[in-house]
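Please look over the sequence and the model shown below before reading on.

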Amino acid sequence: MTLLHRRLAKAELNDLVAKAPAESVQLTDEHRASLSTRFRAVSVPGHRRLDAWGVERAGRSGSTFRWSPSTARRALGNASLRRMATRPASVRDAVRDELGDQMLRATSGYSRSGSLSQWLASAPHPVIGLVTAEAVNWATQLQEISQWLDAPWEVPASDAYYDVASARTTLRARRDLIVRNEGTRTIVRVRSGSPGKSAGPGLRADLTIEALADHEGIAPVRYIGLWPEAGVCLSVDGTLTDLRSGARDLVRTAVAQRRQSTLKAA
Amino acid sequence: MTTMLDSSPVSVVEALRGDRSKRPLIDIASASGLRSLLEDGIFAIIGAKRLDTPLVVRTSSLHQRFATTDLGMSTSGRIRGVLIGQLLRLLSVGMSIDHPFDDALTAWRGDVGANELTEHLDALDDDERARLATDLEAHFVTLTRALGEIPARWTPRSSVRIFQRLAGGNVALRDVVDLMIGTSTSDVASIALFDVTTSPLGEGAERSMRFHALMQTLRTSLMPLRTSTFSSATGEIWIRDVDYELLARSVEDVLACVRDQWSAR
């Protein structure tokens, strides 16, 4: 395992990007088929979604998701920063424009029920203010981090998703910045709070999903997790050992989830 | 430089930003020394023992070092503090606020859902509720008059959380800075921290100001430019330039708090 722990500072972050492995590892069709077989062996009645958070919680289900200013901030903040990359504006204006677009989507009927657009369109004025404040916080923080980076970066249009063939399983990896460096890519992921004991396995799970979601199976050379509230960062390298461990953790999480749902049903 | 204003300035934000040409170069060297002071101090108190539950130091722990009653910590005082915090957040993004109490309450409920404090608020009768609403409005007027408009180019962030784990997890420092302006990407110190309290300013407020500056330094490894605290009860504001001496005093505050908690176990 190649877990590195650093303080979150400009020099440390650039060092992590610059000193990432030079060669990228590639996942083959055999790797994908093997993963699919393992997930099929852990069948569930409905569709299963797995991500790094599930791995960190060892498959324990948390409270039901609901939209709130803090759950909406990342989607809006990242979209605002992406907007700023093409059209320079203040963070606050970019967030307002993004909010406007989201609400327009709801009123023009292009959003499904339960989506962020629908929730925003029905939220009262003060809640929209708080959503703006949270999104501004997120976007400003991500903008500062991106300005620290010496290598070129981009804000991805979405998280990485991978549907495991014939296993009714969708894997999702969080990613906030993609840093390109001499033909390789490093992924930066930002999280709230502080890293717990299972932050490493969570990061490895994201690394594996990101590699699987790439159409050629090319893994990022390094996956960097940032916890700005705690001022620390962790990283894992895109080695085959780490990718295998990430896949194993995801399968283990699926097993734990199935065990818990069986217990709940009983 | 220390600014103590009895009357509100034209704009608190302007006072916090100050003259750009007089800002010191960014200090990236002090954070590690402060961390070492804290680690050594905590080791001297607790030793190498591994605690099951960490000692937690918050702004509120530093506010009240002695067994006295602080009216600001009463349930209604806490609700008033939370609501004024919500209003500050709305002001920081330039939202227009027509009905401070209703708007703050709607924003708060939208954020946290139901909790002990919202239940207490729901249990208030009409008279008590009207009194709280009037009280909050008075605090809000004082705050808006002092704060003025916050320009977007100063990158205001509100309710910024900071968490630091020390001594292998034996001590956890937690903080929330009400408002932060300025950037950490500049060559000169530019971050200014702003705290709002609905109580009159006292010794505890000074410790809080220092604690915010220390936490920001530990989190980013960059020393902020200024730290301030504003009382929406009196309209008074204290602004301090951040230097090593101020941060070292905060380290002593934290260690004293850890010592108190450790001896009480």
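In what handedness of crossing, left-handed or right-handed, does α5(A) pass α7(A)? The crossing of α5(A) with α7(A) is right-handed, as seen in a model that is predicted.

## Helix α7 of chain A and its partners

Helix α5 of chain A, residues 91-107, packs against helix α7 of chain A, residues 125-148, at an angle of about 125°, and the two axes are 9 Å apart. α5(A) and α7(A) are therefore oblique to each other. On the side of α5(A), the contact is made by A:Val91, A:Arg92, A:Ala94, A:Val95, A:Arg96 and A:Leu99, while α7(A) contributes A:Ile128, A:Thr132, A:Ala135, A:Val136, A:Ala139, A:Thr140 and A:Gln143. Sorted by class, the contact of α5(A) with α7(A) has 8 nonpolar, 3 polar and 2 charged residues.

Helix α4 of chain A, residues 69-86, also packs against α7(A), with axes that come within 7 Å and cross at roughly 55°. The crossing of α4(A) with α7(A) is right-handed. Among the residues that make the contact are A:Pro69, A:Ala72, A:Leu76 and A:Leu81 of α4(A), together with A:Val127, A:Leu130, A:Trp138 and A:Leu142 of α7(A). The contact of α4(A) with α7(A) divides into 11 nonpolar, 6 polar and 3 charged residues. A:Ala135, A:Ala139 and A:Gln143 of α7(A) take part in the contact with α5(A), and these residues are also listed in the contact with α4(A).

## Where chain A touches chain B

What does each chain give to the contact between them? Chain A gives 27 residues and chain B gives 29 residues. On the side of chain A that touches chain B, α5 and α7 of chain A each supply at least two residues, and the largest share, 12 residues, comes from α7(A). By class, this side of chain A has 12 nonpolar, 10 polar and 5 charged residues.

## Domains of the two chains

Chain A is divided into domain 1, which covers 4-60 + 151-265, and domain 2, which covers 69-138. The C-alpha centres of these two domains of chain A lie 26 Å apart.

Chain B is likewise divided, with domain 1 at 2-67 + 151-264 and domain 2 at 78-147, and 25 Å separate the centres of its two domains, taken over C-alpha atoms. The contact between them takes 15 residues from domain 1 of chain B and 13 residues from domain 2 of chain B. On the side of domain 1 of chain B that touches domain 2 of chain B, α1 (12-17), β3 (157-166) and β4 (171-181) of chain B each supply at least two residues. The residues of that side of domain 1 divide into 8 nonpolar, 6 polar and 1 charged.

## Sheets of chain A

Strands of a sheet pair through backbone hydrogen bonds, either parallel or antiparallel. In chain A, an open sheet of 3 strands runs in the order β2-β5-β4, with mixed pairing. β2 (48-51) and β4 (160-164) of chain A stand at the edges with a single partner strand each, so one side of each has no neighbour in the sheet. From one strand to the next, the twist averages 20°. β4(A) pairs with strand β5 of chain A, residues 169-173, in the antiparallel sense over 5 bridges, and the bridge partner of A:Tyr162 in β5(A) is A:Leu171.

Another open sheet of chain A has 6 strands in the order β1-β9-β8-β7-β6-β3, and its pairing is mixed. Its edge strands are β1 (4-7) and β3 (153-154) of chain A, each of which pairs on one side only. β3(A) and strand β6 of chain A, residues 177-181, are antiparallel partners over 2 bridges, and A:Glu154 has A:Ile178 as its bridge partner in β6(A).

## Helices α8 and α9 of chain A

Helix α8 of chain A, residues 199-213, and helix α9 of chain A, residues 240-265, pack at an angle of about 105°, with axes 8 Å apart. α8(A) and α9(A) are therefore roughly perpendicular to each other. Residues that meet here include A:Pro201, A:Arg204 and A:Leu207 in α8(A) and A:Asp242, A:Leu243 and A:Leu250 in α9(A). By class, the contact of α8(A) with α9(A) has 7 nonpolar, 3 polar and 3 charged residues.

Technical notes
Residues numbered from 1 in each chain as written. Chains lettered and ligands numbered in written order. Predicted model: local features only at pLDDT ≥ 70, side-chain atom pairs only at ≥ 80, totals over all residues. Axes fitted to C-alpha atoms, helices over the stretch in contact; angles between N-to-C directions. Helix = DSSP H or I, 4+ residues; strand = E, 2+ residues; numbered from the N terminus. Parallel < 35°, antiparallel > 145°, perpendicular 65-115°, else oblique. Left-handed = near helix turned anticlockwise from the far one by under 90°. Contact = placed C-beta atoms within 7 Å. Nonpolar A, V, L, I, M, F, W, Y, C, P; charged D, E, K, R; others polar. Domains from an automatic or database assignment. Pairing = 2+ DSSP bridges.
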